[in-house]
Amino acid sequence: MKKISYIFGFILILVFFIAPQLHLFFIPKFSDFTVIFVNENTIKAIQNTLAISLSVSWFCLFLAVPLAWLLTRTDLPNKINFRSWFCLPYTIPPFVGAIGWIILANPTSGILSLWLNQALGIKLNIYSFGGLVWVETSFLFTFMLLSTLAVLDKMDSSLEEAARLSGAGPARVFTDITLPLLKPAIIKGFILSFLATASSFGVPALIGGPARLYMLTTQIYSFQRAGTSNGLQMAIAISAVLGITTLVLLYSSQLFWGVSKNYTVAGKTPRPSLLPLKKYKYPVVFVLSLLLFVIFILPLLGILLSALSPVQGSWSLSQLNLNNFIRVLFQTEETLRAILQSFELAFGAALFCTLFSFIFNYFIYRTKFVGRTFAAVAISLPFSTPGTVLALAFIISFSQGIFGVGPSLYSTLWLLAIAYIVKYCSLSFKVLGDAYQQIHPTLEEAAKISGANWRQVMTTIYWPLLKPALMASGFLVFMPVLSELTMTILLTGPGLETIGTLIFQLQEYSDMGGGGASVLSCVVVFFVLILNFALKTFSKGRYGL
Amino acid sequence: MSQVIFENVGKEYVAGAWAVRNFSLHIHNAEFVSFLGPSGCGKTTTLRMIAGLEENTHGIIRFDQDIVSDPEHNKFLNPEKRNVGMVFQSYAVWPHMNVFENVAYPLKLKNIPKEKIKNDVAEILKIVELSGLEKRKPHELSGGQQQRVALARGLVMRPRILLLDEPLSNLDAKLREKMRKDIRKIQQDFKLTMVYVTHDQTEAFQMSDRVVVMNKGNMEQVGTPDEIQRHPVNEFVRDFIS
């Protein structure tokens, strides 16, 4: 029973997690690659991708590292609140932010553009290199923030105190002790934000499109949309390059820089001595509040204003009403379908990922089955593969049945479900894996001695003990799937709307004047914040932001 | 070496919640004083106030004639200006530096010439019996060796006062016995003013010139190990040392 389940799970992993990507990487012939590197557009897209991703990573570093330090090492008032607010952008899909910033700062009718132009003569244009970098940074700095906060929380603060007593002032302690100890976390955050930018789709499509700034992901999308076999071939070749580069970058960084190595002191409760900010206290609070307002609150306010405005571009507080909401939510047929389908898919993916991780993590941490380490790596792999690449891999692998077996999955909800499960299973797998490691093996042994078989061990010992982690796993998969755009936009077909694709369509083509995208963005933000709050509350702060 | 004088020192976190209260004590030059008490009694907080890692809210702390903390007159000397050495319970040996770099760090900050740093570090490493391990990284050292690196780092700066916060609690019994003797010998050789925090009465009575017994932020009794063992002033002290 145990063994059969393992073999079955292992086959699922091979067929759905590994094979499609391998298939994609081996399709292009050498000549296809040479075509990419002589094509003017793709070269430009490669250059853009590198320049934008590098800029974003550097900005994330300069924003997040000092912020993490202020939030953990000083007597900043209201630290806990500041901390959760600054982490929140992590949960919100960046394309929602892009829509917010388009409303605020598009060159013709943006609220901020008009106002700044009138007041100070500054011309603001979000459709630009700077605009794209800004919007990406305002969400992706959370990658760097979370990875440095995790280390600062665990770092024994007597390391820093010892330096102060040796005669180093606060600035010197930061450069001599804190920064070197943070190095692995900073490198990890840098690579994550680089890869997240390079594989993002929504923001470059909405902001880079009008600016004629194409990145690799948007280039793949337009080649695939072209529908020609030549276009598809180009899309596949670019995807292979992007996918392989990502993998190489991620795994070589772990090898060379020891990214997984962290200097922390285990088993003791560090009690950080907080640096008094003294006369800088209120200036710092002011700057952080302003930063938070500009990064997070302002674009959301932009969306809200647009959703409530009957005429886009003519902004007036006295005319606000709920007509857009009524029209989009109750009088448009697609909306209800999109919301229902997104919820179905999110629920299905969350349920499947959680059950699969619950059973398969047992094999990883509680058995010596052959190939279990490989399986663990295979499950985590698709999460770092760019969504665009993954989606293309599924299209070519599953269009004519599953590698030619069975009915075509293209343009079905099944293909979307598979894509979501494969992409986000890693989140669920990690949470449950960590939780398994917290459970002492003697608990299982005691159950076996009492006469329990494997199924009984799983249902009476592990399931109840893992309950909080199982709940968290469900939420963690549910939230990103609910508003997924990058993969969905390539895999979708007629009648297959999801919240993400509907927002994209409304924004790009059909409802420019009506604020429809803003209405749905408000709905997404509402759901995500509620879910995050629910997760945080029921897990007593262990999970959620 | 310096004396440490506490005059009615107190630390109040929020109104009515005292970590340490009414603490007055004169620690003499080259004296070994232990703060003894159960966890949460305020002994570590008092030690950290000497270092400047915690600020007292009441009273005055002086090193000889120098006022290092006087909240009433807004006087506070930052920890890096106090020239105080400290050995932490978790050792706090910097994992990204080797033994030599760890010990040399306080000297480097004083802009002492390289040649002199080398000699000073070598001399101190000999005293703590770590000669030859200069190039080792902390993760290649045992707990006892890391402890000695921390001690060397505290000694090398010729501190006015050396503070030790439960330095032996993470070592095994045999090693602990040797370290007690070594620390006491170093203290006497260097004529160091040393303040030692522990919850282990054997340790306090074996090593110290004087012991301060603390409970719930208050000083219960001050005296030589002999005095305290023979004449505990109240029920708490009698209970705690038996």
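Q: How do helix 1 of chain A and helix 17 of chain A lie to each other, parallel or perpendicular?
A: Roughly perpendicular. This is a predicted model. The axes of helix 1 (residues 2–26) and helix 17 (residues 387–398) of chain A cross at roughly 90 degrees and come within 8 Å. Angles of 65 to 115 degrees count as roughly perpendicular, so the pair gets that label.

Q: Which residues make that contact?
A: From helix 1 of chain A come Val15(A), Phe16(A), Pro20(A), Gln21(A), His23(A), Leu24(A) and Phe25(A). Helix 17 of chain A brings Val389(A), Leu390(A), Leu392(A), Ala393(A), Phe394(A), Ile396(A), Ser397(A) and Phe398(A).

Q: And what classes of residue has the contact of helix 1 with helix 17 of chain A?
A: There are 12 nonpolar residues and three polar ones. No charged residue takes part.

Q: Next pair. At what angle do helix 9 and helix 12 of chain A pack?
A: About 175 degrees, with the axes 11 Å apart. Helix 9 covers residues 170–198 of chain A, and helix 12 covers residues 229–256. That angle makes helix 9 of chain A roughly antiparallel to helix 12 of chain A.

Q: Where does Phe174(A) sit?
A: In helix 9 of chain A.

Q: What is Phe174(A) in contact with, leaving aside neighbours within four places in sequence?
A: Val65(A), Trp69(A), Leu179(A) and Pro180(A). As for Glu160(A), it is 14 residues from Phe174(A) in sequence, and their C-alpha atoms are 8.1 Å apart in space.

Q: Switching to the two chains. How much area do chain B and chain A bury between them?
A: About 2200 Å². Of that, 61% is on carbon and sulfur atoms. Chain B puts 25 residues into the contact, and chain A puts in 24 residues.

Q: How many salt bridges cross the interface of chain B and chain A?
A: Two. One joins the side chains of Glu80(B) and Arg164(A), at 2.6 Å from N to O. Arg48(B) also forms a salt bridge with Glu161(A), where the closest N and O atoms are 2.9 Å apart.

Q: Why does the pair of Arg48(B) and Glu161(A) join two chains?
A: Because Arg48(B) lies in helix 1 (residues 43–51) of chain B, while Glu161(A) lies in helix 8 (residues 158–165) of chain A.

Q: How many salt bridges over all chains?
A: The whole structure has 31.

Q: Now sheets. In what order do the five strands of the open sheet in chain B run?
A: The order is 2-1-4-5-6, with antiparallel pairing. Strand 2 (18–27) and strand 6 (75–76) of chain B are the edge strands, and each pairs on one side only.

Q: How many bridges link strand 1 and strand 2 of chain B?
A: Six, in the antiparallel sense. Strand 1 spans residues 4–12 of chain B. Lys11(B) stands opposite Val20(B) in strand 2 of chain B. The two strands form a hairpin with five residues between them. In its turn, Gly16(B) has a positive phi of about 90 degrees.

Q: And what joins strand 5 of chain B to strand 6 of chain B?
A: Two bridges, with the strands running antiparallel. Strand 5 is residues 66–70 of chain B. Ser69(B) stands opposite Phe76(B) of strand 6.

Q: What about the six strands in chain B, in what order do they come?
A: 7-8-9-3-10-11, an open sheet with mixed pairing. Strand 7 (84–87) and strand 11 of chain B each have a single partner strand, so one side of each has no neighbour in the sheet. From one strand to the next, the twist averages 20 degrees.

Q: What packs on that sheet?
A: Helix 5 (residues 173–190) of chain B, which touches strand 3 (32–36), strand 8 and strand 9 of chain B. The direction of helix 5 makes about 140 degrees with that of strand 3 of chain B.

Q: In which sense do strand 8 and strand 9 of chain B pair, parallel or antiparallel?
A: Parallel, over four bridges. Leu164(B) stands opposite Tyr196(B) in strand 9 of chain B.

Terms used. Residues are numbered from 1 along each chain as its sequence is written. Chains are lettered from A and ligands numbered from 1 in the order in which they are written. This is a predicted model: local features need pLDDT of at least 70, side-chain atom pairs count only at pLDDT 80 or more; totals for chains, interfaces and linings use all residues. Side-chain values use heavy atoms; hydrogens and water are left out. Axes are lines fitted to C-alpha atoms, for helices over the stretch in contact, and angles run from 0 to 180 degrees between N-to-C directions. Angles under 35 degrees count as roughly parallel, over 145 as roughly antiparallel, 65 to 115 as roughly perpendicular and the rest as oblique. Contact means heavy atoms within 4.5 Å. Ala, Val, Leu, Ile, Met, Phe, Trp, Tyr, Cys and Pro count as nonpolar, Asp, Glu, Lys and Arg as charged, and the others, Gly among them, as polar. Two strands pair if DSSP finds at least two bridges between them. Buried area is the accessible area (1.4 Å probe) that two parts lose on being put together, summed over both. A salt bridge is a side-chain nitrogen of Lys or Arg within 4 Å of a carboxyl oxygen of Asp or Glu.
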